[in-house]
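Work through these exercises with the model open beside you. Try each task before you read its solution.

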Amino acid sequence: MTAVGEKETDAYWMRVALRAAHEANERGEVPVGTCIVVGEAMLATAGNRTRTDQDPTAHAEIVALRQASQKLGNYRLIEAVAYSTIEPCAMCAGALIQARVKRLVYGARDERAGAVESRFRICDTDFLNHRIEITAGVLEDECRAIMQEFFLARRVGQRSEVRD
């Protein structure tokens, strides 16, 4: 695949992840979305479900990894590409390593808790026995905007609750 074709493919699948993020937002979840793809086939797509499921591990990446593993009948996803709207946290980056995901594509950096490039380098450290190819910044503006809008709305809502 050419670099241009790869960019178009990455943007296509990131839009799928963004739809999952929007669906999570509609449920009152932090709007993060992930999809997992092998070749041209989508194995899984998920948004955050921590509040919905009352499960601190139900981040979009973890939920999608579980779905993809079940679909393949194998926890090792060695040919998979994971698309996440936000740079994964330490838990999710570790899970991607454990699943042996081939490549991670994410939209916006998470300067506070990102464990792929911002705070830690879990996915490509030479301390672990698996390294993931990383592509950052795909549809970055859209991925950042949905998070900023979510947290702005929460801050505005909290201020109005204090006044009531």
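**Exercise 1.** In which helix does Glu140 lie? Then describe its surroundings.

*Solution.* This is a predicted model, where local features need pLDDT of at least 70, side-chain atom pairs count only at pLDDT 80 or more, and totals for chains, interfaces and linings use all residues. Residues are numbered from 1 along each chain as its sequence is written, and side-chain values use heavy atoms, with hydrogens and water left out.

Step 1. Find the helix. Glu140 belongs to helix 5, residues 140-163. Helices (H or I, at least four residues) and strands (E, at least two) are DSSP runs, numbered from the N terminus.

Step 2. Judge the exposure. Buried means under 20% relative accessible area, exposed over 50%, partly exposed in between (1.4 Å probe, protein chains only). Glu140 has 27%, so it is partly exposed.

Step 3. List the contacts (heavy atoms within 4.5 Å). Leaving out residues up to four places away in sequence, Glu140 touches Gly107 and Ala108.

Step 4. Look for a side-chain partner. The side chains of Glu140 and Arg144 make a polar contact at 2.6 Å. Such a contact is a pair of N or O atoms within 3.5 Å; within protein, one must be able to donate a hydrogen and the other to accept it, and residues adjacent in sequence count only if both atoms are side-chain atoms.

**Exercise 2.** Which residues of helix 4 are buried, and what do they pack against?

*Solution.* Step 1. Helix 4 covers residues 90-98, and its buried residues are Cys92, Ala93, Ala95, Leu96 and Ile97.

Step 1. Recall the geometry. An α-helix has 3.6 residues a turn, so residues three or four places apart point the same way.

Step 2. Name the neighbours. The buried residues of helix 4 pack against helix 3 (60-72), strand 3 (81-86) and strand 4 (103-108).

Step 3. Check what follows. Arg100 comes after helix 4, with a positive phi near 60°.

**Exercise 3.** How many disulfides does the structure hold?

*Solution.* Step 1. Apply the cut-off: a disulfide is a pair of cysteine sulfur atoms within 2.5 Å. The structure holds 0.

Step 1. Cys35 is buried because its relative accessibility is 0%.

**Exercise 4.** Where does Ser69 lie, and is it buried or exposed?

*Solution.* Step 1. Ser69 lies in helix 3.

Step 1. Its relative accessibility is 16%, so Ser69 counts as buried.

Step 2. Ser69 touches Asn74, Tyr75 and Leu77, not counting residues up to four places away in sequence.
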